[in-house]
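Have a look at the model below. Then we'll walk through it together, piece by piece.

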Amino acid sequence: MRAHTSVRSLYSPVALVVLWELIVRIGLVDAAFLPSPTQITRAFVEIGPLMVLEQLGASLFRVFAGLFAAALVGIALGTWMARNAHVDRFFAPILGSIYSVPKSAFIPLLILWLGVGNSSTIVAVFLACLLPVVVYSFHGVQEVPRVLQWGAATLGGTRGGIIWRVYLPAASAQIFTGLRIALGFAFFLSTSAEMIASTSGLGKLIFAYGQGGNYDAMFAALAVLVAAAFAADQAFVRIRDRQLRWMPTQRANQAAA
Amino acid sequence: MKITVRQLTRTFSRDGKLTTALDSVNLAVKEGEFVSIIGPSGCGKSTLLYMIAGFVPPDSGDIAVDGRIVRSPGVDRGVVFQEYALFPWLTVEQNILYPLQRRPMSDSDRRHTAQSYIELIGLGGFESRYPKELSGGMRQRVALARTLAADPDILLLDEPLGALDAQTREVLQDELLRVWQRTGKTVLMVTHDVSEAVYLSERVIVMSARPGRFVQEFKIELDRSVPRETLETSSTFTELRNKLWLAVRQEAIAAGLATQRAPA
């Protein structure tokens with residue numbers, strides 16, 4: 001059943017690639033500006049799959065390091081804000097004021113502070129991922145039904161234990177939604193940060209090939225990035241659905257909406 | 001453990017209007033006693049239960065359990081909610097294991113104890129089901145077992161069987177009766193079911209609505225060793241039930257929740 005769903009989710013990307021190949025082949029667009037999938041594959045082999053995978057590894061490390069840090073801090077902060085009005089009053093305006101700022105605007109500042117390399121990119125990813133995680137954790141914990149809170153209070157356990165064993169699982173559908181949004185942001189921010197603040201990673205590779213006019217290779221690196229982001233999201237959805245199999249709704253994300 | 005409620009008053013503001021949910025309520029429940037509170041909906045009977053549980057603070061008056069003033073929820077007072085309040089992310093067994101975590105016993109003892117409660121409520125074979133896979137009656141059994149597993153001295157039951165069909169309700173009433181007779185726990189139950197109150201309780205208190213006050217009290221003296229059919233069809237039972245029904249109906253009419261039907 002599950003394998004079925006993931007195979008079906010590949011239909012439209014495959015159809016798109018086939019259509020793309022056709023458009024370039026029949027000459028509807030200039031192959032110099034839009035190389036065909038076969039040209040891109042050839043370029044991928046030429047520049048060396050191993051090298052591209054190495055750059056992908058560097059990017060994935062930054063994506064997951066930033067996301068992991070944001071998950072830890074974001075879930076903790078969101079939960080704390082939901083449970084304590086003073087904490088909420090302190091952090092809500094700060095978070096609100098950076099909500100509408102594109103996080104990529106911080107990249108030059110991060111280069112100034114942290115230099116070019118892993119740390120500036122990881123911090124940029126962390127900043128972008130933090131908000132959705134905080135916001136969804138906050139709402140998830142705040143919306144834990146009153147009877148569950150009351151029930152837990154009469155069944156014993158320490159305050160910390162109740163947060164760990166009742167509030168977080170009860171809020172988990174919302175927290176997963178926040179984390180999924182954060183995962184998308186993580187790829188977005190790691191790529192943009194690598195373009196200007198790094199000497200490695202897929203973002204750097206795409207940028208370098210683009211500037212050098214090697215568009216076939218640029219597309220190859222871009223395709224790897226897209227595939228990696230797509231695979232990461234699919235894996236995330238699998239994990240989420242498994243973790244939320246107790247939920248009464250068929251589709252876990254409906255309850256979180 | 002005994003419960004003592006003194007001059008308990010609580011008002012709520014709803015749409016800018018103050019409603020007196022409880023007005024100077026006094027109540028004493030003896031250790032091991034089974035007391036029911038019955039009254040029209042909105043009479044504040046659940047509020048009283050939630051205040052004894054420590055969920056809702058009083059405006060004035062106080063509640064004491066064995067002489068200690070109640071200020072917060074505690075493991076000495078187990079609550080069974082009308083809406084079950086099971087943890088949906090835990091299986092039947094994990095829900096029942098939840099209150100056992102704080103008890104000083106080995107993991108295998110915990111599982112043994114949980115299993116004995118699963119047998120008690122007749123849900124053997126359903127250990128690894130999630131609440132969403134259970135019927136309402138089964139969920140309420142699990143909720144009862146979870147509360148019993150916490151081993152509270154006092155059971156506070158908030159219309160525990162209200163959402164169930166008549167047959168399931170009767171089965172669970174008998175289970176409740178058995179548990180109470182076997183464990184000798186103090187039970188305070190809120191219900192709107194007249195027969196249920198008479199069948200289970202030693203004492204039934206009738207409440208009025210707005211303001212919520214105790215207006216009448218019935219002592220129920222029944223020989224519960226006889227089969228249910230004999231008991232429920234006996235003249236003592238029928239008479240008590242009729243008297244209680246009339247008292248409750250009077251309060252419902254006074255609260256504007258029931259009307260006199262014109263004779264045909």
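First, some ground rules. This is a predicted model, in which local features need pLDDT of at least 70 and side-chain atom pairs count only at pLDDT 80 or more, while totals for chains, interfaces and linings use all residues. Residues are numbered from 1 along each chain as its sequence is written, chains are lettered from A and ligands numbered from 1 in the order in which they are written, and side-chain values use heavy atoms, with hydrogens and water left out.

Let's start with the sheet in chain B. Helices (H or I, at least four residues) and strands (E, at least two) are DSSP runs, numbered from the N terminus. Two strands count as paired if DSSP finds at least two bridges between them. Six strands of chain B make an open sheet in the order 6-7-8-3-9-10, and the pairing is mixed. At its edges sit strand 6 (77–80) and strand 10 (213–219) of chain B, each pairing on one side only. On average, neighbouring strands of this sheet are turned by 20° against each other, direction ignored; axes here are lines fitted to C-alpha atoms, for helices over the stretch in contact, and angles run from 0 to 180 degrees between N-to-C directions.

Strand 6 of chain B runs parallel to strand 7 (residues 154–158) of chain B, and four bridges join them. Look for Val80(B), which stands opposite Leu157(B) in strand 7 of chain B. Helix 1 (residues 45–53) of chain B lies across strands of chain B including strand 3 (34–38), strand 6 and strand 7, and runs at about 150° to strand 7 of chain B.

Chain B also has a hairpin. Strand 1 (residues 3–14) and strand 2 (residues 17–29) of chain B pair in the antiparallel sense over nine bridges. Thr4(B) has Ala28(B) as its bridge partner in strand 2 of chain B. Two residues lie between the strands of this hairpin, and Asp15(B) in the turn has a positive phi of about 50°.

Now for the interfaces. In chain A, the domain assignment (automatic or from a database) gives domain 1 (1–34) and domain 2 (49–256). The C-alpha centres of these two domains of chain A lie 29 Å apart. The table uses contact (heavy atoms within 4.5 Å) and buried area (the accessible area, 1.4 Å probe, that two parts lose on being put together, summed over both).

The rule for a salt bridge (a side-chain nitrogen of Lys or Arg within 4 Å of a carboxyl oxygen of Asp or Glu) finds zero of them between chain B and chain A. Over all chains, though, the search finds 18 salt bridges. One joins the side chains of Glu21(A) and Arg25(A) at 2.9 Å, N to O. Both residues lie in helix 2 (residues 11–25) of chain A, four residues apart, about one turn of the helix.
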